[in-house]
Amino acid sequence: QIRWHGDGPGPDAPTVQITFINPDDSETKVSARVGETLLQSAHRTGVEMEGACEGVCACSTCHVILEQDLYDNLLDKMEDEALSEDEEDMLDMAFGLEQTSRLGCQIKVTDGMDGAVISLPKATRNFYVDGHKPTPH
């Protein structure tokens, strides 16, 4: 029997359908597990989201742009998903910052996100090692 040893929910967690809009404007539809972060969903499904700090809110390379409704819902209805001071500081360094920008490592997938569209910026700023893309464990 295989046991789940990763961060986030196991392989039998409920899923929702999320569409990532890639920097080249192509779309990637994924089954995101409820309880994992958008960064974890992206890495698990092969979406090109960098995450240089490996999801500890210490860079801005997992910058995503949310639809206005999702952004508002995260701030208003989900206290745990509100913008932290650390996230705000990191977003200040993000390339292509928008009014609905967030960090993918700070947003957990919920069942209310089914059908969400998440846009990736055209570029990222990696202050660690340019070109380094960590692989999930």
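This is a predicted model: local features need pLDDT of at least 70, side-chain atom pairs count only at pLDDT 80 or more; totals for chains, interfaces and linings use all residues.
Q: Which pattern does the chain follow along the sequence?
A: The secondary structure comes to 3 helices and 5 strands. Read along the sequence, they give the pattern β-β-α-β-α-α-β-β.

Q: What share of contacts between residues at least 6 apart in sequence join residues at least 24 apart?
A: The chain has 137 residues, and buried ones make up 42% of them. Among contacts between residues at least 6 apart in sequence, the share joining residues at least 24 apart is 66%.

Q: Is D25 buried or exposed?
A: D25 sits in the loop between β1 (15-21) and β2 (27-33). Its phi is positive, about 75°, although D25 is not a glycine. Most residues other than glycine have a negative phi. The relative accessible area of D25 is 55%, and the cut-off is over 50%, so D25 is exposed.

Q: Is C57 buried or exposed?
A: C57 lies in the loop between α1 (38-45) and β3 (63-66). Phi of C57 is positive too, near 60°. Its relative accessible area is 14%, and the cut-off is under 20%, so C57 is buried.

Q: Which residues form the negative surface patch?
A: One member, D92, lies in the loop between α3 (85-91) and β4 (101-103). D92 counts as exposed because its relative accessibility is 59%. The patch is formed by E85, D86, E88, D89 and D92.

Methods
Residues are numbered from 1 along each chain as its sequence is written. Side-chain values use heavy atoms; hydrogens and water are left out. Patches are made of residues with over 30% relative accessible area and no salt bridge: like charges are joined within 9 Å, nonpolar side chains (Val, Leu, Ile, Met, Phe, Trp, Tyr) within 5 Å. Accessible areas come from the Shrake-Rupley method with a 1.4 Å probe; for residues, only the protein chains shown count as cover. A salt bridge is a side-chain nitrogen of Lys or Arg within 4 Å of a carboxyl oxygen of Asp or Glu. Lys and Arg count as positive and Asp and Glu as negative; His and the chain ends are not counted. The place of a charge is taken as NZ of Lys, CZ of Arg, CG of Asp or CD of Glu. Helices (H or I, at least four residues) and strands (E, at least two) are DSSP runs, numbered from the N terminus. Buried means under 20% relative accessible area, exposed over 50%, partly exposed in between (1.4 Å probe, protein chains only). Contact means heavy atoms within 4.5 Å.
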